[in-house]
Amino acid sequence: MSYSNAGIMTEGEIENVLKKYGIPDTYKKYTIPYRQYKSKKDNKQHTLYEYLFYVKKHIEHINYYFNIKERNSNIGFKNSPGSKKYIKSPTNYIGGKYKVLPQIIPHFPSNIRTFIDLFSGGCNVAINVCADKIFCNDINSIVIKLFEYFKNNSTDKILLEVYSVIDKYKLSKTNEAGFIALRKAYNANPNSIELYVLSCYSFNYQFRFNSNHEYNNPFGRNRSQFSEAMKNNLIKFVNKLHKIDITFSSVDFLEFDISNLNSGDLIYCDPPYLITTGSYNDGNRGFKDWGTEEEKALYAFLDKADEKGIRFALSNVVEHKGKTNNLLIKWAKKYKVIDIDRDYSNSSYNTRQGKSREVLIINY
């Protein structure tokens, strides 16, 4: 890039931008005396320099810009009648509902004014629901901050930042040293893009933290990478965020204010499951665990919503690996119970033995 020393941007500002969106080690600058001219004001001679800047960009950056218009034109935001195509969250959050969306969303009312995703997790449900206003809440504030970043920044900027991190640490399916270096840098100074890239190269693409909220998922050798499919999921997800009225929050579900809701609204709950144990509810990840008290408190919360005439839908598991949630069975008798065809026996936090009975409980 050529630029004059009489231009608006300073030499340092240009250097910072080029290093941010290019490979920093390849940056070069040449200063060329261009010509002499006389100022009309003071007759003093001024030297005009022409800067020549060079930086190498990752090849995928170039491919991205060549194809962005075509890709964006092919991204749909509304499912046609009977379509089973939904937008997939760019995060692999344990217990995500993407695979069972075709069984859940058709049971939602067709006219939703305000949709509350009280335990939003990876945001698979909220991003696909049709409502005038959407609230996404989850106690995991780290993931909520990531979604807020996606909401508040352009798709172009996010992708360029993702590729810059990949370039900086030379990430690949085999470069474990680069992954560990990135994980160390993130834990020392957390930011959302580095967190997302970490997940792309982690075992099972999962978000996992220790009790100090440090990212501790291991490297996904020979398997995990920021693939073309993941890039397309990210583009579709972020573009949809920019088109809908969505607000993110991170509070305990009991602190979420439902006083302004009415019969035109819907509360959806996909809480941690009492009779299963995942990294989201074992109490060892720096977030509140889930036990009998929390389970009963949720039932009381939903009963209160029902008394106010507010519609709700609750995803949960009645049976799992020989265990039965008798509390849930007893409470659900006053509502409608719909079976969901899904087997959690293949989930990473369960053994291969035993099946689960997942249900959707609604009050409308």
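The model is predicted, so local features need pLDDT of at least 70 and side-chain atom pairs count only at pLDDT 80 or more, while totals for chains, interfaces and linings use all residues. Residues are numbered from 1 along each chain as its sequence is written, and side-chain values use heavy atoms, with hydrogens and water left out.

**View 1. The protein chain and its surface.** The accessible surface of the protein chain is about 18900 Å², and carbon and sulfur atoms contribute 49% of that area. Of the 364 residues, 48% are buried (under 20% relative accessible area; exposed is over 50%, partly exposed in between; 1.4 Å probe, protein chains only).

View 2. Helices (H or I, at least four residues) are DSSP runs numbered from the N terminus.

**View 3. Ala 300 in helix 9.** Ala 300 belongs to helix 9, residues 292–307, and counts as partly exposed because its relative accessibility is 45%. The C-alpha atoms of Ala 300 and Leu 254 are separated by 9.9 Å.

**View 4. Cysteines without a disulfide.** The structure holds zero disulfides (pairs of cysteine sulfur atoms within 2.5 Å). The sulfur of Cys 136 lies 3.4 Å from that of Cys 123, the closest cysteine sulfur, which is too far for a bond. Cys 136 is buried at 0% relative accessible area, whereas Cys 130 is exposed at 62% relative accessibility.

Notes. Areas by Shrake-Rupley, 256 points an atom, 1.4 Å probe, with all protein chains shown as cover. Helix = DSSP H or I, 4+ residues; strand = E, 2+ residues; numbered from the N terminus.
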